[in-house]
Amino acid sequence: MKEIQQWAQRRWQDDLKIKLSGRSVGNKSWWTTLKQQQGLTTDDTIPPLFKSDGTVATKNKDKAEVLQTVTSWGRRWQVDLAPEKTQAMLISRRQRPPDTPIPTILLGGRPVPLQTSISILGVEVNSVLTFTDHIRTIARKAAWKLSCVRRVSHLLDSQGITTLYAAQVRSLMEYAPLTWSSCPPSYLRLLDKVQARAQRLIRLKALQDQLLPPLQPLQQRRDVAGLCVVYKTHKQHVPHLAALRQPWARPHGHTTRTAATRDHQLIVPFARTETSLRSFLPRYTRMWNRMVQQTQLHSTSSLQTFKSAVNAWIKQP
């Protein structure tokens, strides 16, 4: 009977693994099955926290005790916690609010209200884990700064306008681009429109297109930055980028035209949605494999040489 029980457990684990890794399972059933396998309940509305012994606090009472230790630690070491600087957000894709009311989160006896979006190091993410609000914000700020540059354009030449645009406007649109680049293309076009208006302003000031080279497209700059990160992660083995490292692809068992470059290719992570497919790891892992198949840029000795060569490779039609 013990052998049958062990066989049934192994078969259940194998079936669960096949179900979770398959393409036919939906997002809701995938997360529900995963939570059941981890022993987490769906009634808890507070995200799981780790207790002092390393286990996951699955009950609301245990979670409240874990959060209380933060306040106790601050009171002991005379550290004042600022509730007004604390952000709380409920991450959920539910179309309707939950049946049970969401408990109030207290910090130092003061309630912390739930927000629809929070800002982490200048990047805004909303409650459904998208960056659409962040793109709208930086597009609005970039357009306002560009209008300020246009007002003083009569005092500058074309080179001065380009320098001012790169320092004030473009730097805003290129802050942490590999994080929010998985946004829908319709939102990314808002930034492209700002760049197009800046290009027209520079050309109008220069009077001729040959006087200054055109501005580099934003997507091209993001792709160059993404491939440079992959190069530093897998070729230079930068320690703080170790979490982004992807496993190398297995070599072919027989000789083919692409077998010679197989050793330098990476395994593309599986993406379940279009948004995840446009995110950093799937997008630039596929681009890295395509670069390895077409060129020998992965064997360059320095990052600067690789960056210049990749920039020229992406410009090719």
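Biologist: How many salt bridges does the count come to?
Modeller: The count comes to 4 salt bridges, where a salt bridge is a side-chain nitrogen of Lys or Arg within 4 Å of a carboxyl oxygen of Asp or Glu. Please keep in mind that this is a predicted model, in which local features need pLDDT of at least 70 and side-chain atom pairs count only at pLDDT 80 or more, while totals for chains, interfaces and linings use all residues. Residues are numbered from 1 along each chain as its sequence is written, and side-chain values use heavy atoms, with hydrogens and water left out.

Biologist: Which residue forms a salt bridge with Arg-221?
Modeller: Arg-221 pairs with Glu-174, and their closest N and O atoms are 2.3 Å apart. Arg-221 lies in helix H8 and Glu-174 in the loop between H5 and H6, so the pair ties together parts that are 47 residues apart in sequence. Helices (H or I, at least four residues) and strands (E, at least two) are DSSP runs, numbered from the N terminus. Arg-170, Glu-174 and Arg-221 are also linked in a network of salt bridges.

Biologist: And what about Arg-283 and Asp-223, how do their side chains meet?
Modeller: They meet in a salt bridge with an N to O distance of 2.9 Å. Arg-283 belongs to helix H10 and Asp-223 to helix H8, so this pair ties together parts that are 60 residues apart in sequence.

Biologist: Is Asp-223 buried or exposed?
Modeller: Asp-223 counts as buried because its relative accessible area is 7%, whereas Arg-283 is partly exposed at 24%. Buried means under 20% relative accessible area, exposed over 50%, and partly exposed in between (1.4 Å probe, protein chains only).

Biologist: Since you mention H10, which residues are buried there?
Modeller: Among them are Phe-280, Tyr-284, Met-287, Trp-288 and Met-291, and the buried residues of H10 pack against H6, H8, H9 and helix H11 (303-315). Helix H10 itself covers residues 280-294.

Biologist: Changing topic, which residues touch the most other members of the largest nonpolar core?
Modeller: In that core of 26 residues, they are Ile-135, Tyr-165, Val-169, Met-173, Trp-180 and Leu-191. A nonpolar core is a set of buried Ala, Val, Leu, Ile, Met, Phe, Trp, Tyr and Cys residues joined through side-chain atoms within 4.5 Å. Strand E6 (123-126), helix H4 (132-151), H5 and helix H7 (185-206) each supply at least two residues of this core.

Biologist: What does Ile-135 touch?
Modeller: Leaving out residues up to four places away in sequence, Ile-135 touches Trp-180, Cys-183, Tyr-187, Leu-188 and Leu-191, where contact means heavy atoms within 4.5 Å. There is also a second, separate core of 20 residues, which includes Val-229, Val-230, Phe-306 and Val-310.

Biologist: Where is Thr-132, and what does that residue touch?
Modeller: Thr-132 is found in helix H4, and with the sequence neighbours up to four places away not counted, Thr-132 touches Asn-126, Cys-183, Pro-184 and Tyr-187.

Biologist: One last thing, what is the phi of Ala-176?
Modeller: Ala-176 has a positive phi of about 50° although it is not a glycine. Most residues other than glycine have a negative phi. Ala-176 sits in the loop between helix H5 (158-173) and helix H6 (177-180), and His-237, with a phi near 55°, is another positive case that is not a glycine.

Conventions. The expected span of a helix is 1.5 Å times one less than its number of residues.
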